[in-house]
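Subject: the model we talked about

Hi,

Have a look at it first, then read on.

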Amino acid sequence: MHIIDSHFHWWPRSVFETLCQRKEFPLVKPNDKGCYTCILQDGPDYVLNSWPDWFDLGDQFAHMDRLGHQIDAVSSIGPFSVYFSALPESEGRDLAIQWNEEMANAQRRYPGRFWGSAAIPFQSEKVALEVLEDAIGRLGLMGVNLPGSIGADPRIDQERMQSFYARCSELDLPIFLHPTDAIFNHMLDGYNGALFLSLGRVVEVSVAAMRLVLSGTMERHPKMRLVMSHTGGALPYQSGRMDKNTKAAKLVRPASEYMKRMYTDTVSPHSAGMKFAIDYYGIDHVMYGTDYPCWDPATCLAMIEELGLSDADKQKLFYDNARRILNLKDPQSKLAAAQ
């Protein structure tokens with residue numbers, strides 16, 4: 001079967017080597033795994049560790065080739081996306097462009113198999129739009145990444161962000177909304193990260209998405225393609241509560257109508273969670289995704305088999321939805337060879 005992994009992470013080493021030269025927060029340091037430990041702020045709860053599976057795209061594809069399917073990948077940034085907005089403005093801009101150029105280079109190395117999405121620094125409206133236009137216009141990336149917070153500021157719905165959302169809507173770009181490690185850590189600390197990793201990130205991405213709903217952002221930008229990670233976080237399971245308790249926001253429509261406009265993936269180590277996401281959003285709004293290298297694709301595939309989907313729905317989940325939702329296009333070289 002031909003499969004597209006819509007929630008996949010490859011990180012270019014050059015970006016982390018650049019950050020290793022910094023002497024103040026946010027910091028990146030080499031770790032004992034031959035990779036990097038990223039420290040956003042002072043304190044142990046702001047540490048993001050990595051291991052070799054994040055950094056070698058060839059090895060990542062070799063791993064997926066052993067699953068017995070033809071698997072392509074759409075790379076989003078994940079929790080590291082917040083770092084571009086935590087730096088001083090000029091550094092954040094330069095680092096984001098460096099990241100985006102690495103993504104574009106990978107697209108050229110693996111045409112039609114790898115698609116990269118853009119890092120955006122959000123310190124100012126001007127720099128966010130500048131980097132956006134460069135990533136899409138010059139580099140040909142397929143979408144953008146939106147962290148759950150701007151540095152440690154959770155208000156991704158603030159007024160100065162509206163021009164960014166408007167431009168993404170005009171360009172018909174998917175926006176990958178992913179949690180970070182910048183907020184909720186103080187109240188979910190301890191247990192060697194078990195509480196935050198299992199619950200904090202789900203809460204963070206859910207709060208971020210609801211800010212876009214309650215602020216009227218999704219009403220103002222009806223063409224917004226918001227891709228929620230991790231089967232929609234907590235939102236599908238609290239949809240009735242959202243409708244019941246959000247009337248004070250004076251939305252034009254019930255909150256759930258905006259929530260169901262979102263798209264999501266199968267990143268949930270629980271087949272019942274996958275099934276509920278499909279039931280809630282509809283099969284046309286859910287894409288196969290594994291969060292690799294944070295989760296094992298073989299386990300994800302086995303859980304999807306437990307759902308008993310029809311062949312037609314599997315085709316949508318594994319391939320067709322990603323091509324349509326993410327506007328994935330074959331490179332010109334592949335199109336020319338087919339003619």
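A word on naming: helices (H or I, at least four residues) and strands (E, at least two) are DSSP runs, numbered from the N terminus. The model is predicted, so local features need pLDDT of at least 70 and side-chain atom pairs count only at pLDDT 80 or more, while totals for chains, interfaces and linings use all residues. Residues are numbered from 1 along each chain as its sequence is written, and side-chain values use heavy atoms, with hydrogens and water left out.

As a rule, most residues other than glycine have a negative phi, and most peptide bonds are trans. Here, a cis peptide bond links Tyr 292 to Pro 293, with omega about 15 degrees. Pro 293 sits in the loop between strand 11 (286–287) and helix 12 (297–305). Another cis bond joins Phe 25 and Pro 26, with omega about -5 degrees; Pro 26 lies in the loop between helix 1 (13–19) and strand 2.

Then there are the positive phi values. Tyr 191 is not a glycine, yet its phi is about 60 degrees. You'll find Tyr 191 in the loop between strand 8 and helix 7 (194–214), and it is exposed, with a relative accessible area of 64% (buried means under 20%, exposed over 50%, partly exposed in between, using a 1.4 Å probe and protein chains only). Lys 250 also has a positive phi, about 55 degrees, without being a glycine. Lys 250 is in the loop between helix 9 (239–245) and helix 10 (255–259) and is exposed, at 74% relative accessible area.

Now the sheets. Two strands count as paired if DSSP finds at least two bridges between them.

Strand 2 is joined to strand 3 (residues 36–39) by 4 bridges, with Pro 30 partnered by Tyr 36.

Which helices pack together? The axes of helix 5 (residues 125–138) and helix 6 (residues 162–171) come within 9 Å and cross at roughly 20 degrees (axes are lines fitted to C-alpha atoms, for helices over the stretch in contact, and angles run from 0 to 180 degrees between N-to-C directions). That makes the two helices roughly parallel, a label for angles under 35 degrees. Glu 125, Leu 129, Leu 132 and Glu 133 of helix 5 meet Ser 163, Phe 164, Arg 167 and Cys 168 of helix 6, where contact means heavy atoms within 4.5 Å.

Last one: is His 7 buried or exposed? His 7, in strand 1 (residues 2–8), is buried, with a relative accessible area of 2%. Beyond its neighbours within four places in sequence, His 7 contacts residues including His 178, His 230, Asp 265, Asp 291 and Tyr 292.

Cheers

Key. Angles under 35 degrees count as roughly parallel, over 145 as roughly antiparallel, 65 to 115 as roughly perpendicular and the rest as oblique.
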